[in-house]
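Subject: Structure handover

Hi,

Here is the structure for you to look over. My notes on its sheet and helix packing follow below.

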Amino acid sequence: MPALSPTMTEGGIARWEKKEGKNIPLDEDKRESFSAGDLLLQIETDKAQMDVEAQDDGVLVKILAPEGSQNVAVNSIIAIIAEEGDDLSSIDIAGLSADKGAPKKAEPVDVPAPAPAAPKVTELPTQPKSDDNSAHGLLSPAVTFAIHANHIANASEISGSGPKGRILKGDVMQFLKDGKAVIDKQEKHAAAPVITAKPPTSVARPSADTETAFLVKSLESSVLRRLGEMELAKRSTTVQVPADKLDRLIRANRSLSDTAFAVRAAALALHQVPLAKDGNTRVGIAVEGAKGPAVFEIADASTSSVLELAAKIKDAQKENPLASELPAVILAAEGVYTPASLPLGSSVLVVGKPHKVVSAAEASAALDSALSELTGGAAKSPAVSGASVFDVGVIGESPANAAFVGKIKGFLSNPEFLMF
């Protein structure tokens, strides 16, 4: 149970967003895996309800605190997660499930409380710091749980087999299997001292400023991402292009792609409406890289057919030949660039996914039908078809962006002329 605020001591399980695996060890057909950043569950307190995201890729093996559980103490085990291929035979899942049964109310015992012994600190493995913001020095919750659950005292000796030496849960299991682990028996069998709880004479209430600051920090990343999207929208010149013709061509030939059509259209548009002052007419594609967008150039885009471009794009993505100089136009998916990472001297072409648009007349008819039904009249069933379109936007400082994106719209509205 994570702490959602500095003063939180317990919380409730509002909803699990992922289902647990049906079999142990993991069943390839019945498990529901998740990726880093996916929503795992929603936790509620007396002040708020917040989402908990996955820190690593994995699978939800067992839920120990089901939906509706209340008064769950912070840092208590609410579920077991693992990585694909992990050996779970050494973990007593049944015992952990039994421990999560209905809580029993302990009767206070009026005996002197023994002085608690200083807790033994289990040394967790550390890894050298890195300037590239990589996974060095980070332990996933699954790895941390495996070390503490098995009372491994020499965890710093575990060798990692993950990316850049990162320790995986399988490394911990193999360390145990090889007999290299030193088990801290004192920690394993130590009984918790019985302490008679006395009602506090006064309770220090957390300040509103402290909890407000924590909530602001929790929402900071999503707010910054939304602000970045709004800033890019302000810099973008966007048009809507009918999607029906392009969709039919791609369905008829699965080797084609909307990316190939967009690259060909951009290359042809550049020859008619140059964006760069130096006469640069090269076109490239940007993908997300470890240190920001990585750009590779598609050679001869204006003289190649769409079929040839589709093959070139596949080859370029496999070999990843980074462009020596930035192209004049860089095709990128939504979210690849932020306002801070936009390339200098180049324009970014963003082609969105197809979506439906409804005309004003269709929207008005649908509204009239809904109002008529609410007032007791006969419900009409207006035909709301909606045209399929996709957005094409150009982000850059060139004064010719509007004319350029207009040419793009003309080419993509008649994609059959780009085939050859």
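How many bridges join strand 1 to strand 6, and do they run parallel or antiparallel? Strand 1 (residues 10-16) and strand 6 are joined by 2 bridges and run antiparallel. Gly 11 has Val 72 of strand 6 as its bridge partner.

First, the ground rules. This is a predicted model, where local features need pLDDT of at least 70, side-chain atom pairs count only at pLDDT 80 or more, and totals for chains, interfaces and linings use all residues. Residues are numbered from 1 along each chain as its sequence is written, and side-chain values use heavy atoms, with hydrogens and water left out. Helices (H or I, at least four residues) and strands (E, at least two) are DSSP runs, numbered from the N terminus. Strands pair if DSSP finds at least two bridges between them.

Strand 9 (residues 283-289) and strand 10 (residues 292-298) run antiparallel, with 7 bridges joining them. Val 287 sits opposite Ala 294 of strand 10.

Helices 2 and 3
The axes of helix 2 (residues 141-149) and helix 3 (residues 169-177) come within 8 Å and cross at roughly 20°. Helix 2 is therefore roughly parallel to helix 3 (angles under 35 degrees). Axes here are lines fitted to C-alpha atoms over the stretch in contact, with angles from 0 to 180 degrees between N-to-C directions. In contact (heavy atoms within 4.5 Å), Ala 142, Val 143, Ala 146 and Ile 147 of helix 2 meet Lys 169, Val 172 and Met 173 of helix 3. By class, that contact has 6 nonpolar, no polar and 1 charged residues. Ala, Val, Leu, Ile, Met, Phe, Trp, Tyr, Cys and Pro count as nonpolar; Asp, Glu, Lys and Arg as charged; the others, Gly among them, as polar.

Helices 7 and 10
The axes of helix 7 (residues 258-272) and helix 10 (residues 401-413) come within 9 Å and cross at roughly 130°. That makes helix 7 oblique to helix 10. Residues of this contact include Phe 261 and Leu 268 of helix 7, and Phe 404 and Phe 411 of helix 10. The contact divides into 11 nonpolar, 1 polar and 1 charged residues.

Best wishes

How values were computed
Parallel < 35°, antiparallel > 145°, perpendicular 65-115°, else oblique.
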